[in-house]
Amino acid sequence: MAKVLPAPETFDLSIEVVIVGAGAAGLVSALAAYEAGRDVLVLERDSQPSGSTALSAGLIPAAGTRLQCALGITDTPQLFAADIQAKAKGENDPHLVDLLAAGAADTIDWLEGTHGLPFSLVDDFDYPGHSRRRMHGLPTRAGRELIDALRSRCEALSIDIVCEALVDTLYWDANTVSGIAVTRPDGGQERIGCSAVILACNGFGGNRELVRRHLPEIAEALWFGHDGNTGDAVLWGDEIGAETRHLGAYQGHGNVAHPHGILITWAVITQGGFQVNTDGVRFWNEAQGYSEAARAVLAQPDGVAWTIFDSRIAAIARQFADFREAEAQGAIITTDTLHDLEVATHLPSGCLSRELSRILPTGPDRFGRLFDTAALSPPFCAVRVTGALFHTQGGLSVNGCAQVLRKDGNVIPNLYAVGGAACGVSGASDAGYLSGNGLLSAVVLGRIAGEAAGGTGTRASGLDTPKNPLDTPGSLP
Ligand SMILES: Cc1cc2nc3c(=O)[nH]c(=O)nc-3n(C[C@H](O)[C@H](O)[C@H](O)COP(=O)(O)OP(=O)(O)OC[C@H]3O[C@@H](n4cnc5c(N)ncnc54)[C@H](O)[C@@H]3O)c2cc1C
């Protein structure tokens, strides 16, 4: 249970910057704080760094990267920010959107150039809502590779990552964090004093009670994120008067192979696939996005749907390790005719050809979807899917240095929140999530917090950017 206590008389050890959580946000923060010359300690409750980052596809959107330039793609942070705001219907803090959109390209270039992460651009399909091709990923398109690459880089730089270290206490006096306490699997405790704490412990998707309270409409769905993300950042935040925002926001996904529990890339939809329920009837405009697809699918009989596509699309989807795994586990059904597909999926005879015939070659269909890709052709594919909760998007409010804000508007000078611990840019519900908003906030805010906690933060934004606490004599323990 996350506790807040007054500072003890002594600590067992002291370090300049403590980072809670070794996902993408924590490890990127660590790299940035290390570069700023600080002693850094990353504390991770699990036996190895993984988090939701390892479960993800590891794709990070960024506008104006070297990789985009090399492919002749013209993109700008302004376009990117406009896309983020359009998806969230303008519900985000525009300064935070601008901060993340402006910092993304430089962060990808830095991870690639300085830290050697071999990013490439997803250049063979469009993600809904992104007006340019700007998703960057590592070769396997799997978050496991991203987290392993970040961990390896930290290890190469001798940045300490201590695992099996559950941070359960924040020491707090007079608007300042003075340290944390860690509980080890054998029950042993250590109190660690520090000058700055970066909360990189993601959101509250792994906390049933908080999910029921803030996200009742998805509370009974499959939880597809990391179990260890039990909302400690918002629980501590509540105790110390920190401001939280958009706790009803989340990313769902309506294309998880069922019962296999494997994420099926949304490229199968954007490339021309569609979803039918078990009556063989389409039920919504899939082009709206995969997050809101969770609720759309869960509202169907038995909370499942069939995603229908073809072998051309399967070839594109195969770049994702998850899709290959779904094929290996027999989740993807492929047949030469629609009739055979109906038989194999137990869908009513004739339903698929009827739905295909209702897709218009030009102009929006009955749900308002515009199909602007090649028509499906044999062999045809189907996968049975359900809706799931992937991660929460609300969290602690931060300023332009990723410092946590209090409800009274004041800044907590040496407490930072990054990644899923901070409020993201996905609006107030499930419909505002633009692909990649999760890792965008993890790596960009992570870098900003690491630099700021390290005393080198100079990010420009309309958000408050007070002086760094490490440069304020007497303000720290
Ligand atoms: C299936 C799936 C696919 C996704 N695909 C994408 C994608 O392609 N692109 C994208 O942008 N986003 C994607 N996301 C979202 C993305 O994974 C998250 O937004 C991102 O990983 C958040 O990073 P993080 O570092 O904040 O959290 P995490 O990676 O979850 O790391 C948080 C870490 O903190 C640790 N922790 C928690 N509490 C404590 C504590 N008290 N003490 C010590 N340690 C603690 C946890 O164990 C965990 O390791 C996906 C999510 C899922 C579930």
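Conventions. I number residues from 1 along each chain as its sequence is written. Because the model is predicted, local features need pLDDT of at least 70 and side-chain atom pairs count only at pLDDT 80 or more, while totals for chains, interfaces and linings use all residues.

Entry 1, domains. I looked up how the protein chain is divided: domain 1 covers 3–248 + 393–471 and domain 2 covers 250–389. The bounds come from an automatic or database domain assignment. Taken over C-alpha atoms, the centres of domain 1 and domain 2 are 32 Å apart. Domain 1 puts 25 residues into the contact and domain 2 puts in 23 residues (contact: C-beta atoms, placed from the backbone, within 7 Å). I sorted the domain 1 side by class and noted 13 nonpolar, seven polar and five charged residues. Ala, Val, Leu, Ile, Met, Phe, Trp, Tyr, Cys and Pro count as nonpolar, Asp, Glu, Lys and Arg as charged, and the others, Gly among them, as polar.

Helices here are DSSP runs (H or I, at least four residues) and strands are runs of E (at least two), numbered from the N terminus. H1 (residues 24–35) packs on H6 (residues 143–156) at about 30°, and the axes are 10 Å apart. Axes are lines fitted to C-alpha atoms, for helices over the stretch in contact, with angles from 0 to 180 degrees between N-to-C directions. H1 and H6 are therefore roughly parallel (under 35 degrees; over 145 is roughly antiparallel, 65 to 115 roughly perpendicular, the rest oblique). On the H1 side I listed Ala24, Leu27, Val28, Ala30 and Leu31; they meet Leu146, Ile147, Leu150, Arg151, Arg153 and Cys154 in H6. This contact of H1 with H6 has nine nonpolar, no polar and two charged residues.

The axes of H4 (residues 77–87) and H5 (residues 94–113) come within 9 Å and cross at roughly 135°. H4 supplies Pro77, Phe80, Ala81, Ile84 and Gln85, and H5 supplies Pro94, Val97, Asp98, Ala101 and Ala102. By class, the contact of H4 with H5 has eight nonpolar, one polar and one charged.

I found 43 residues around the ligand, with Gly21, Gly23, Gly51, Gly419 and Gly438 the closest (near: C-beta atom, placed from the backbone, within 6 Å). H1, H2 (51–55), S8 (166–173), S18 (380–392) and H15 (437–454) each supply at least two residues of the shell. The shell has 19 nonpolar, 20 polar and four charged residues.

How values were computed
Two residues are in contact if their C-beta atoms, placed from the backbone, lie within 7 Å.
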